[in-house]
Amino acid sequence: MKMVMAVIRPHKLAEVRNALAQIGVVGMTVSEVRGHGRQRGQVERYRGAEYVVDLLPKVKLEIAVPDEQVQEVIAAVVQSARTGEIGDGKVFVLPLEDCIRVRTGDRGEDAL
Amino acid sequence: MRKQISALMAVSSLSLVGFATAQDLQQLKDLNELLSTPQGLKLIADTVWVLVTAFLVFWMNAGFALVESGFCRAKNAANILAKNFIVFAITTLAYWSLGFAFMFGDGNSFIGWKGLALMGEHNAPLVALGKAKEYSGDYSALSWTSVPLFAAFLFQLVFAGTAATIVSGAVAERIKYAAFIVFSFVMGSLIYPIVGHWIWGGGWLAQKGMYDFAGSTVVHSVGGWAALTGAAMLGPRLGKYSKDGKINPIPGHSMALATLGVFILWLGWFGFNPGSTMSANPSAIARIAITTNIAAASAGFIATLWAWLRLGKPDLTMMLNGGLAGLVAITAPCAFVSPVSAFIIGVVAGVLVVESVLLFDRVRIDDPVGAISVHLVNGIWGTLAVGLFAQPFADLGEAQPKPGLFIGGSGEQFIIQLTGVVAVGAFTFTASLITWAFIKALIGLRVEPEEEVQGLDIGEMGMEAYPSDPFPTFEALSVTLRVEPEEEVQGLDIGEMGMEAYPSDPFPTFEALSVTGWERFVPTFTHQPVTGKFPTPAVSELTVKSKPANGSESEIASPSAVERRLYSVILENANTERAKRRWERLCHEPQQAPPEFHEVYRHLVSFDGREFVFRGGEPERMKRAIERLFEGYLGVGASVTVEVE
């Protein structure tokens, strides 16, 4: 089992969720995060004083996935989240040791 | 012991009530008859006018509360709101017991003292009704207005409240609550009334012929000077100014509250300025309402333009401050100038306020809401403007300023106004500075750094304007939930109303969001519109379900199985570094890339220098496209192969 963690642009979330639903992935955890990659952020002003916002709002999805589906999930996320501009985000794949469903107590891949 | 003291206080207050209170109309037996005479009707109109405008000015406290809390951070909101609330309560007590008498009671040119605690005599209404030949009472400075003492008092009280609340904006986010309370009491009982006595209470500036119709000096610059000394003595908020000279913005937490507040203040000013006629003088109050509005509009507009040019964007906070600056500036001259003059006064105010906000930051005086720039700077400008733009109006009677410099007059009125500005400035600056210093020595002015960082809501008020604990711990929650308790926990907004006051979904699902114009070469991944619930079928079920029900679905049905297939195009024996650089270059400057790039980019999943992973598209086409894109970059002996899973 793997945990696929994707940091994407907030406005792309709907599209990514649709793309995942199409390959049968429905369960996920979504959080609002801030971050940046190699580039700095944008300059803003308030009453004449400038400041740099270099932590830009992003959305993070965490999806628990069986090993066989990992490549598919990555492909779905990457293709639907991409715009071609700097700031598109990243996808990380982490090993997942176990998964338990709280309501029934199921464990392992059945619980994904 | 406590019980005995409170019993004693109760008895003494009862005996106080037994003393004679203000006489005027309350003693008249044939009052109803008198009130139906023409003079009586005028008295009624005047009194209703004064009271209604007093209520409008009272409502400005709500405006100040909203502007100040909106311009400051959420963690200090409850504290700022509390300051705005308590300042009016304190001012009522201070002004009622002492301040009103100091300001309008008979005395000398410096201060009044007759009629403390509103217990003096005042027969102006009787004079207006014809029941008394001339004024006899303790507040002769108010003998020119016919309304009952209590109405005049309320009107003046709300003005005092305005002056006091100006201070709370400049000292926000770092002052001790107790320190502010003490200062407000001194302001309402002493500092404000003394200045008011000089200009409105028959004092020496009034005798000199200084005119301040609704209080640019009396209210706004007095508040402004006190705000300046307070902000200076407190010092800037932590983090506002860096050691290297940088000015750091501390954005307010709600521009919505701030904007609403400014509108409320603007409305309140329709009581502030026209009400200062203290009589229902039709042509005067209408003219004053117009000059007030024009100045607000022109100042707001010019401030917008000025900020736009100066800072690159029309900063909303500057726009709001601009509107207020115009209102402050027109406050002194409102009855004495034409609409065109009002426009010009507003234009100057709009520029002044923007520049002074920037200036005060440059000299490291931290004013979170711009109170000093709005009230002090433009209070002075408005006062001087009387000497520049005043022109005679028949409906104002005898007491009017000399014609202004720009209206063909000499500079005489201007000099008088300037004298007043300087005198009031010197007095208020000194008096407020001494008061702040006194308070600092006694109880301290500023909160501890840790408290300032944590937020004054928790430190000073022991509660939060926006309670931040998202996980409240209730024992009840561990009980097995049935339907109704669940709804209570979820919130009745959703359960009962089917909607939310504060919609919490940060990720609204709009199809429109997938078209932004950002996608230059990656056309939107065509997908079936998903309705409401996402389906939970297994992968195989999805492919079976793709039997087209209507025309649009059939386009997608067949490619969906093909689209999902993953395959690779591999660069065998190639120079990986060069390949990676070539790819990076192509991605970085897509406009200059050959058309094959767009084809490849569309279906690409990943590339690690050797293997291109694709989803969708035809493997052979991709292979040929890659060959063309990397011609000359792969090195001798390299080849491109396709690997389908």
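Guide: A nonpolar core is a set of buried Ala, Val, Leu, Ile, Met, Phe, Trp, Tyr and Cys residues joined through C-beta atoms within 7 Å. A residue is buried if 20 or more other C-beta atoms lie within 10 Å of its own, exposed if 12 or fewer, and partly exposed in between, with C-beta atoms placed from the backbone. This is a predicted model, in which local features need pLDDT of at least 70 and side-chain atom pairs count only at pLDDT 80 or more, while totals for chains, interfaces and linings use all residues. Residues are numbered from 1 along each chain as its sequence is written, and chains are lettered from A and ligands numbered from 1 in the order in which they are written.

Visitor: Which residues touch the most other members of the largest nonpolar core?

Guide: That core has 144 residues, and those with the most contacts to other members are Val222(B), Ala227(B), Ala295(B), Ala303(B), Ala325(B), Ala329(B) and Ala349(B). Helix H6 (residues 149–170) of chain B contributes the most to this core, with 15 residues. A second, separate core of 40 residues includes Ala6(A), Trp583(B), Phe597(B) and Val640(B).

Visitor: What does Ala295(B) touch?

Guide: Contact requires C-beta atoms, placed from the backbone, within 7 Å. Leaving aside residues up to four places away in sequence, the partners of Ala295(B) include Gly326(B), Leu327(B), Ala329(B) and Ala349(B).

Visitor: Why is H9(B) described as largely enclosed by the rest of the structure?

Guide: Helices (H or I, at least four residues) and strands (E, at least two) are DSSP runs, numbered from the N terminus. Of the 19 residues of H9(B), 17 are buried, and therefore the helix is largely enclosed by the rest of the structure.

Visitor: How does the span of H9(B) stand against the expected value?

Guide: The expected span is 1.5 Å times one less than the number of residues. Helix H9 (residues 216–234) of chain B reaches 25 Å from its first C-alpha to its last, close to the expected 27 Å. Just after H9(B), Gly235(B) takes a positive phi of about 90°.

Visitor: Why are E2 and E4 of chain B said to stand at the edges?

Guide: Two strands pair if DSSP finds at least two bridges between them. The open, antiparallel sheet of chain B has four strands in the order E2-E3-E1-E4. Strands E2 (604–607) and E4 (639–644) of chain B each have a single partner strand, so one side of each is left without a neighbour in the sheet.

Visitor: What makes E2(B) and E3(B) paired strands?

Guide: Three bridges join E2(B) to E3 (residues 611–615) of chain B, and the definition asks for at least two. The pair is antiparallel, with Ser606(B) opposite Val613(B).

Methods. Two residues are in contact if their C-beta atoms, placed from the backbone, lie within 7 Å.
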